[in-house]
Amino acid sequence: MAVLNIKWGTAARISPADAVTTPREGDEAEADAEQPRAEKPFLVWVHDPIDEEANAKIAKVTLDPYKVRVGSCYFKCVKMTKEEAQGDPLLAEAGKALPRMILVTPEYEVAAVVEGKISSSKLYAAMKKTAKKSYKGNFDKNVKSVIKILGELDKISNEKEMIAKKEADDPKPAELKKLAKEKEELEEHEKEVLEKREELMNPE
């Protein structure tokens, strides 16, 4: 199956820049419109840059399972130092141990904290909990469907390579016509699979 690496960004803070005031009675509609909302929930990896052993274990063990890597695509993944997390009003009280994973909803609410000995199963459970608060539909079902689709895309890629090799062998006109038809059908199937993947990867 194709390699899928988690795309980690960096940030000095997760909290929105503008403070959100408590709405006055009768102002709910206006207040709702002003509430900041991110495009995706956040998966924040708070770490000590000096502790290379702990960081390597998280990267190679905790984050390695395919369901965690695929699931991460539904989050904005951010790495922060402990000092940066302590300086963020939203994250300052969200756990103490290092390393830790803080999961935040698009509405900037801490949904879960996994710290200390972080297993992939605990992290994935926290991702499911946060996704349930952030998206419609079944996160776990979507992740499994995407993994299946990635396998199907690998299969399509291999079949296209086989067709290309046969075409390079200077086949007879009848065989060439047959290969062209197989290639056309394969490309149409690939288009349908990619559309389905796009739909799954962009839930409401």
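**Figure 1. Threonine 62 in helix α2 of the predicted model.** In this predicted model, threonine 62 belongs to helix α2, which covers residues 52-62. With a relative accessible area of 3%, threonine 62 is buried, because buried means a relative accessible area under 20%. When neighbours within four places in sequence are left aside, threonine 62 is in contact with Lys57, Val68, Ile118, Ser119, Ser120 and Leu123. One of these partners, Leu123, is also listed among the residues with the most contacts inside the largest nonpolar core.

**Figure 2. The largest nonpolar core.** In soluble globular proteins, nonpolar side chains tend to be buried together. The largest nonpolar core of this model contains 35 residues. Leu63, Tyr74, Phe75, Met101, Leu123, Met127 and Phe139 have the most contacts inside this core. At least two core residues come from each of the strands β2 (42-47), β4 (100-104) and β5 (110-115), and from each of the helices α3 (66-72), α5 (120-134), α6 (139-168) and α7 (173-201). Helix α6 makes the greatest contribution, with eight residues. Another core, of 14 residues, lies apart from the largest one and includes Ala38, Val44, Ala85 and Ala94.

**Figure 3. Phenylalanine 139 and its partners.** Phenylalanine 139 is one of the residues with the most contacts inside the largest core. Which residues does phenylalanine 139 contact, leaving aside its neighbours within four places in sequence? They are Gly71, Tyr74, Phe75, Tyr124, Met127, Lys128 and Ala131. Among these partners, Tyr74, Phe75 and Met127 are likewise named among the residues with the most contacts inside the core.

**Figure 4. The packing of helices α5 and α6.** Two packed helices are described by the angle between their axes and the distance between the axes. For α5 and α6, the axes come within 9 Å and cross at roughly 115°. Helix α5 takes part in the contact through Tyr124, Met127, Lys128 and Ala131, and helix α6 through Phe139, Asp140 and Val143. By class, the residues of this contact are five nonpolar, no polar and two charged.

**Figure 5. The packing of helices α6 and α7.** Helices α6 and α7 pack with their axes 10 Å apart and at an angle of about 160°. The two helices are therefore roughly antiparallel to each other, because angles over 145 degrees count as roughly antiparallel. Their crossing is left-handed. The residues of the contact comprise 13 nonpolar, three polar and ten charged.

**Figure 6. Two positions in helix α7.** Glutamate 175 and glutamate 188 are both placed in helix α7. Glutamate 175 has a relative accessibility of 32% and counts as partly exposed. Its C-alpha atom is separated by 63 Å from that of glutamate 84, which is 91 residues away along the chain. Glutamate 188 is also partly exposed, with a relative accessible area of 44%. The C-alpha atoms of glutamate 188 and proline 36 are 41 Å apart, and the two residues are 152 residues apart along the chain.

Figure 7. Most residues other than glycine have a negative phi, and most peptide bonds are trans. Leucine 98 and proline 99, however, are joined by a cis peptide bond, with omega about -10°. Proline 99 lies in the loop between α4 (82-86) and β4. Tyrosine 108, in the loop between β4 and β5, has a positive phi of about 65° although it is not a glycine. Aspartate 170, in the loop between α6 and α7, also has a positive phi, near 55°. Is each of these two residues buried or exposed? Tyrosine 108 counts as buried, at 18% relative accessibility, whereas aspartate 170 is exposed, with a relative accessible area of 68%.

Figure 8. Alanine 11 is located in the loop between β1 (9-10) and α1 (28-34). At 21% relative accessibility, alanine 11 counts as partly exposed, because this class lies between the limits of 20% and 50%. Not counting residues up to four places away in sequence, alanine 11 touches Val78, Lys79, Met80 and Glu84. Alanine 11 and alanine 85 are 74 residues apart in sequence, and their C-alpha atoms are 9.6 Å apart in space. Alanine 85 is itself among the residues of the 14-residue core.

Technical notes: Residues numbered from 1 in each chain as written. Predicted model: local features only at pLDDT ≥ 70, side-chain atom pairs only at ≥ 80, totals over all residues. Heavy atoms only, no water. Core = buried A, V, L, I, M, F, W, Y, C linked by side-chain atoms within 4.5 Å. Buried < 20%, exposed > 50% of the residue type's maximum accessible area, 1.4 Å probe, protein only. Helix = DSSP H or I, 4+ residues; strand = E, 2+ residues; numbered from the N terminus. Contact = heavy atoms within 4.5 Å. Axes fitted to C-alpha atoms, helices over the stretch in contact; angles between N-to-C directions. Parallel < 35°, antiparallel > 145°, perpendicular 65-115°, else oblique. Left-handed = near helix turned anticlockwise from the far one by under 90°. Nonpolar A, V, L, I, M, F, W, Y, C, P; charged D, E, K, R; others polar.
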